[in-house]
Amino acid sequence: MRNRDHATGTDEETAERRTVRSRRDVLRASVATGIGAVTLGASSPTSATVTDVDADDDDFHVYLLFGQSNMEGTGEIAPEDRETNSRVQVLQNKTCPNLDREFGEWYVAEPPLNRCWAGLSPGDYFGKTMAAELPEETSIGLVPAAVGGSDIALFQKGAPIGRNGRDIPSQFSGGYEWLLDLAQRAQDVGVIKGILFHQGETNTADPDWKHQVQEIVADLRSDLGIGEVPFLAGELLYGGCCDSHNSEIAQLPDLVPNAHVVSAEGLDGADEAHFDAEGYRELGRRYAEEMLEHVDANADCEPTEITSTVRTPAGDWVETDDVSVSSGDDLTLAPEVADGDGNGDADAAGTWRWSGDVDAETRQVTVEPLESTTYTATYTNDCGETSSVDVSVTVENGSDCPVGATDPDGDGLCEDVDGNGRADTNDVVRLFTEIEDEAYQTNAARFDFDGNGSLAISDVIELFDRL
């Protein structure tokens with residue numbers, strides 16, 4: 001993965017980190033031989049051991065987890081929750097002497113995942129479930145950055161509200177910088193496969209919230225270069241203080257590409273805002289189930305071949321990407337998806353988008369070109385790959401009139417300014433509106449209706465008088 005420059009801690013922390021790293025070889029050997037793959041639970045945290053991951057490991061799948069208290073986790077930790085799996089690791093997001101963990105180091109995942117004093121969180125059972133469902137050669141890296149009580153603006157790029165009194169490492173100006181640094185560290189050893197998000201209690205019913213989330217996700221994806229990896233947003237506790245905000249969460253898939261909502265329906269709460277321990281366990285499983293539906297969905301996906309099909313003004317359907325028409329003629333463009341047998345499949349699953357002189361999201365469009373142009377159809381198939389076809393349309397005016405105009409009576413003057421095949425008041429209006437445009441002025445002789453050798457308002461008046 002890419003090398004990064006990261007914010008660092010104190011000199012003392014750096015020295016301690018070097019000492020801790022000396023234990024890595026011992027751990028790597030135990031994992032390689034399968035010793036300690038699963039550690040049975042205890043009632044309190046086990047002694048922390050730094051783990052290591054081989055650099056550029058494509059089998060080390062990283063997931064970012066950010067938000068406020070329900071992502072941080074407030075659930076009571078039971079002995080069963082302390083059962084660990086060496087394939088599930090967590091990147092420590094804050095130095096915590098009580099846990100014997102150092103900022104920026106990897107540890108076998110065990111609650112609390114977030115900072116120093118959190119409880120059970122969705123991330124715990126998300127990691128367990130992912131490891132259980134993925135091949136044994138795949139390891140899971142959890143990168144949490146969640147803070148109770150945080151406003152969504154804490155995670156906006158540029159730190160618009162600063163640290164906002166939240167307990168994050170002192171070297172960071174805000175939550176976005178903190179999360180980005182952790183994510184970049186994770187990219188040094190693994191591949192970011194998805195993002196988990198749970199936040200909104202502090203911003204309940206704020207209509208701007210969803211647009212702030214949209215901005216944060218776009219910035220993260222861009223700054224990390226991770227494309228449109230799945231983004232999962234969890235619902236808030238049903239029947240609690242803030243469940244009205246679930247209607248805002250429901251709109252995220254319409255704003256954020258590859259975004260999906262994780263239901264909280266049926267989960268119990270410990271209070272008005274937070275899930276109980278079993279709620280966190282189930283919510284983590286639901287995050288995993290949803291992620292498994294979307295992660296690497298495009299791994300075996302290839303662009304779909306599409307062909308250009310055009311209905312000419314004569315009513316004939318022709319497979320072509322180059323067609324000539326007269327100015328003002330209707331032309332129907334209806335590309336098709338190749339289905340492997342030489343015939344097009346007009347009803348294939350996927351979405352269409354047109355660009356050029358037409359803006360549409362339907363497969364079939366009807367256009368009335370006044371001048372030669374190119375229309376581009378882009379098809380996105382059901383696994384997210386895109387393919388395009390250009391349709392070149394040449395407009396034949398029957399004369400050498402510029403800007404799509406025509407010469408209906410063959411007198412050498414372009415009375416049909418808008419190219420619809422006849423001269424009428426619309427042509428007067430268009431000439432008056434566009435008379436100063438370079439395309440008209442460089443072809444003044446074709447619009448010199450008063451014969452004075454130049455193109456001016458007097459020609460507009462003369463055209464009107466000729467109607």
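Author: Start with a helix pair. Helix 5 and helix 6 cross in a right-handed way. Here right-handed means that the near helix is turned clockwise from the far one by less than a right angle, and left-handed means anticlockwise. Helices are DSSP runs of H or I with at least four residues, strands are E runs of at least two, and both are numbered from the N terminus.

Reader: Where does the model come from, and how are residues numbered?

Author: It is a predicted model, where local features need pLDDT of at least 70, side-chain atom pairs count only at pLDDT 80 or more, and totals for chains, interfaces and linings use all residues. Numbering runs from 1 along each chain as its sequence is written, and side-chain values use heavy atoms, without hydrogens and water.

Reader: Back to the pair. At what angle do helix 5 and helix 6 pack?

Author: About 35 degrees, with the axes 11 Å apart; helix 6 covers residues 209–224. Axes are lines fitted to C-alpha atoms, for helices over the stretch in contact, and angles run from 0 to 180 degrees between N-to-C directions.

Reader: Which residues make the contact?

Author: From helix 5, Tyr176, Leu179, Leu180, Ala183, Gln184 and Gln187; from helix 6, Ile216, Asp219, Leu220, Asp223 and Leu224. Contact means heavy atoms within 4.5 Å. The contact residues divide into 7 nonpolar, 2 polar and 2 charged. Nonpolar covers Ala, Val, Leu, Ile, Met, Phe, Trp, Tyr, Cys and Pro; charged is Asp, Glu, Lys and Arg; the others, Gly among them, are polar.

Reader: Next pair. How do helix 10 and helix 12 pack?

Author: At an angle of about 180 degrees, axes 9 Å apart. Helix 10 is therefore roughly antiparallel to helix 12. The cut-offs are under 35 degrees for roughly parallel, over 145 for roughly antiparallel, 65 to 115 for roughly perpendicular, and oblique for the rest.

Reader: What sort of residues are in the contact of helix 10 with helix 12?

Author: 7 nonpolar, no polar and 2 charged.

Reader: And where do helix 4 and helix 9 stand?

Author: Their axes come within 7 Å and cross at roughly 45 degrees. So helix 4 is oblique to helix 9. The crossing of this pair is right-handed.

Reader: Changing topic. How many cavities of 30 Å³ or more does the search find?

Author: It finds 1 in the whole structure. The largest cavity has a volume of about 80 Å³. On a 1 Å grid over the protein atoms alone, a cavity is a set of points where a 1.4 Å probe fits but cannot get out, and lining residues have an atom within 4 Å of a point. Points are joined across faces, edges and corners, and volume is the space filled by probe spheres set on them.

Reader: Which element gives the most to the lining?

Author: Helix 4, with 3 residues. The lining includes Asp81, Gly123, Asp124, Lys128 and Leu142. It divides into 4 nonpolar, 3 polar and 4 charged residues.

Terms used. 1 Å grid on protein atoms, 1.4 Å probe; cavity = no way out; pocket = protein on both sides within 12 Å on 5 of 7 lines; lining within 4 Å.
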